[in-house]
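Biologist: I have not seen this structure before. Please take me through it by question and answer.

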Amino acid sequence: MNIEKDIQEYILREKKINPNPWLATRIMTRIETPGQRMAPRWQSAFLAASILFAVLLGIGLGKVYSPVSETYAGLSIDDSDIEGFAYFNLESDE
Amino acid sequence: MSDQQVIDEILLGNQSLFRLLVEKYQSMVFTTAMGFVHSKEDAEDLTQDIFVKAWESLSTFKGDAVFSTWLYRITINSCINHVEKKKRNIFLELAEEWMNKLFNSESTAKDSQQQMEETEQEVAIRRAIDSLPVNQRTVFVLSAYDELSQKEIAVIMQRTEGAVEQLLQRAKTNLRKKLAHSVGN
């Protein structure tokens, strides 16, 4: 039957695919360095969610922040008492 | 050197001998994985994971069964888990695909090319195999991809030969039904 022949041909095509010649080396490297494991998916998802949360938090805080009122508070100092020039100009004191 | 001798040596501390087992059985594991995932990259990753699992549990191998049978069991369990996990993580898969499209136009181009090369007929066959119930799919893959006899499959799956034959017949009937309208016309 055509269907069975097509399935057989499909399977034959897949069976012709060979693994990478370095696969054994890759496996041995992973076994010899057990610390180098791929992060599980939930970790990647958690990392992505954390970054998104940090960005949104930044935007939120940026919107909430209201800058300090810019009314200028200057200090008016009359230093005429400190430097009493008039004192030196009094001729009668000489 | 027999498999059992190699395993004994490994358990005694000669760990580099594990490479002999990897080199001997990698094609077998890869072919089975291909039957479940239909992608070279996924099958390679799966093969790697399977050998790491075998390595980690090598001390539990008692030698009651042949090493290849033991490895087949690990392979099948890992493949089924991978497929189930993929089904559950479909949302993450879509997100990943979207991210790839966004940041990696080269890989997208390759994917599109691969998709174009895969005819409608091939997609239909792949989907039909993937939609089989787990036991039927396992028996079908072991029979069609690994060319194992029903007796060997029965030992691996710890079932009777009659049960394996029945599962295989059902798998073939289901495939014929599913593909009746899309293939061979």
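Modeller: Helix 2 of chain B bends by about 50 degrees at Tyr25(B). The bend at a residue is the angle between axes fitted to the seven residues ending there and the seven starting there. Helices (H or I, at least four residues) and strands (E, at least two) are DSSP runs, numbered from the N terminus. This is a predicted model, in which local features need pLDDT of at least 70, side-chain atom pairs count only at pLDDT 80 or more, and totals for chains, interfaces and linings use all residues. Residues are numbered from 1 along each chain as its sequence is written, while chains are lettered from A and ligands numbered from 1 in the order in which they are written.

Biologist: What is the mean pLDDT of chain B?

Modeller: pLDDT is the predictor's confidence in each residue, from 0 to 100. In chain B, 90% of the residues reach 70 or more. For the model, ipTM is 0.79 and pTM is 0.70. The mean pLDDT of chain B is 88.

Biologist: How many helices are there in chain B?

Modeller: From the N terminus on, the elements run α-α-α-α-α-α-α-α-α-α. Chain B has zero strands, and its helices number 10.

Biologist: Which residue follows helix 2 of chain B?

Modeller: The residue after this helix has a positive phi, near 55 degrees. That residue is His38(B).

Biologist: Which helix of chain B gives the most to the side that touches chain A?

Modeller: The contact takes 28 residues from chain B and 20 residues from chain A; two residues are in contact if their C-beta atoms, placed from the backbone, lie within 7 Å. Helix 2 (18-37), helix 3 (40-56), helix 7 (120-130) and helix 10 (161-179) of chain B each supply at least two residues of the side that touches chain A. With eight residues, the one that gives the most is helix 2.

Biologist: Which element gives the most to the side of domain 1 of chain B that touches domain 2 of chain B?

Modeller: Chain B is divided into domain 1 (1-117) and domain 2 (119-180), with bounds from an automatic or database domain assignment. Here 12 residues of domain 1 of chain B are in contact with eight residues of domain 2 of chain B. Helix 2 and helix 4 (67-88) of chain B are the elements that give two or more residues to the domain 1 side. The element that gives the most, with six residues, is helix 2.

Biologist: Is Thr47(B) buried or exposed?

Modeller: Thr47(B) is found in helix 3 of chain B and touches, among others, Pro19(A), Leu23(A) and Ala33(B). A residue is buried if 20 or more other C-beta atoms lie within 10 Å of its own, exposed if 12 or fewer, and partly exposed in between, with C-beta atoms placed from the backbone. Thr47(B) has 29 other C-beta atoms within 10 Å, so it is buried.

Definitions and conventions. Lists of a residue's contacts leave out its neighbours within four places in sequence.
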